[in-house]
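Dear colleague,

Please find below the structure that I am handing over to you. My notes on what was found in it follow directly after.

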Amino acid sequence: MLSLSFSVAAHSNNRFNVNDMKAQMWADSVMATLSDDEKIGQLFIFTTKAQDTPALRTALLKQVKENKVGGLLFWKGNCEGQAALTNLAQSTAKVPLLITLDGEWGLRMRLDNTLRYPRKLTLSALDNDSLIYDWGVELGRQCKALGIHVNFDPVLDVNLNPDNPVINVRSFGDDAKDIARKASIFVRGMHQYGIACVGKHFPGHGDTQQDSHKELALVTHDRATLDSVDLLPYRRLQEEHLLDGVMVGHISVPVLDNSGMAASLSKTIVTDFVRGEMGYNGLIMTDAMKMGAVAKRKNYCVEALVAGNDMILDAGEGNATGTAIASVKKAVADGVLTMDDIEQKCRKVLIYKYLCGAHEYKPVDPERIASVLNSESAKSLQQRIARGCVTVLKNSGRAIPMAS
């Protein structure tokens, strides 16, 4: 088991502190160079395939040059493609881009030619917590090598509903305290390489019967259950300065907001509860906005910013990001949002870019990246974790271990 020193170290290492003076000074120096349109663009994370094709290069350059997006999320491709497109985008962008990953079980969740590691529910079978820490360190190393700054993980959902169609094996299990402990160990590992970890799906998607990719999910917990179960992992990580960011889910939580609004679009939840009651001052972002739970709403990205989110993830396919940015500009012109709102969010995004090291961009070598990621030590850890997760549920007649 891990020694107490891990817990003590966590309290003294607030790596993603928005009050960091150097980060604030850098952010302010960049802010002074940005137009209003550029400040709005910084609030958007554009999603693209990790495939180095002429069409994707053209589409990516449009987002960087015209929409001035603040970040990228790659999916469905290979590490060489992501390296090449990252180089192209970063070398073109006026402001360094925040490169993000949705890598719950490693880069393989998105990139074909990388190593696959077990999902959270399998990892919960480990009786050696040091392997979870080692896994965090290794994924941090891989992210750093590929130019990634942020991982949308850990999943902090408590897996209480066997009929849940979307969380289940993505969760560390059904024990909120154990989820918090394992998540904190994992995050500390990622921090060894300066990678920010965003907890999701706030305030908790574990006890739902709907898939928010398709429809609005509903959490019917009372306040006592929400506090002792769903919110416990977030509060524990926040106390240990390990909640680098919060991803708000497309979930209706009547006990917090009885209007039926998705948490991601609810000012009552994002501003009044997360910012107010919880006192969280870090980066808050939406889940992917093209998801069915919210995508049918007319101005969902404006609603998300009004609610208090700092960044919008994946506004949708095609020119959806450009359309969403235009809707935000109109909202500012109409007084629905103010430029002060935009500037506060933009400044925080820039602060995080500094804290994540995005201001120190170095090109990634596409020809070498596969061998760097799939190193022998990475393969060895993959095997050690796989062996550690093997669980004997029943051993009739003591058949295991087998006689030689």
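In helix α7, the residues Leu131, Asp134, Trp135, Glu138, Arg141 and Gln142 meet Ala378, Leu381, Arg384 and Ile385 of α16, where contact means heavy atoms within 4.5 Å. Helices here are DSSP runs (H or I, at least four residues), as are strands (E, at least two), and both are numbered from the N terminus. The model is a predicted one, in which local features need pLDDT of at least 70 and side-chain atom pairs count only at pLDDT 80 or more, while totals for chains, interfaces and linings use all residues. Residues are numbered from 1 along each chain as its sequence is written, and side-chain values use heavy atoms, with hydrogens and water left out.

By class, the contact of α7 with α16 has 5 nonpolar, 1 polar and 4 charged residues. In this scheme Ala, Val, Leu, Ile, Met, Phe, Trp, Tyr, Cys and Pro count as nonpolar, Asp, Glu, Lys and Arg as charged, and the others, Gly among them, as polar. The axes of α7 and α16 (residues 376–389) come within 11 Å and cross at roughly 150 degrees. α7 is therefore roughly antiparallel to α16 (over 145 degrees; under 35 is roughly parallel, 65 to 115 roughly perpendicular and the rest oblique). Axes are lines fitted to C-alpha atoms, for helices over the stretch in contact, and angles run from 0 to 180 degrees between N-to-C directions.

I turn now to the pockets. On a 1 Å grid over the protein atoms alone, a pocket is an open set of points with protein on both sides within 12 Å along at least five of seven lines, a cavity is a set where a 1.4 Å probe fits but cannot get out, and lining residues have an atom within 4 Å of a point. Grid points are joined across faces, edges and corners, and a volume is the space filled by probe spheres set on the points.

The largest pocket holds about 460 Å³ of space. It is lined by 26 residues, of which Asp102, Arg110, His213, Asp287 and Ala288 are the closest to its centre. The lining divides into 11 nonpolar, 6 polar and 9 charged residues. Strands β2 (71–75) and β5 (196–202) each supply at least two residues of this lining.

The second largest pocket holds about 390 Å³. Among its 23 lining residues, Lys144, Ala145, Gly147, Glu360 and Lys362 are the closest to the centre. Helix α7 gives the most to this lining, with 3 residues.

Finally, some backbone features deserve mention. A cis peptide bond joins Lys200 and His201, with omega about 0 degrees, and His201 lies in strand β5. The peptide bond from Phe202 to Pro203 is also cis, with omega near 0 degrees. Lys76, in the loop between β2 and α5, has phi near 50 degrees, a positive value in a residue other than glycine.

With kind regards
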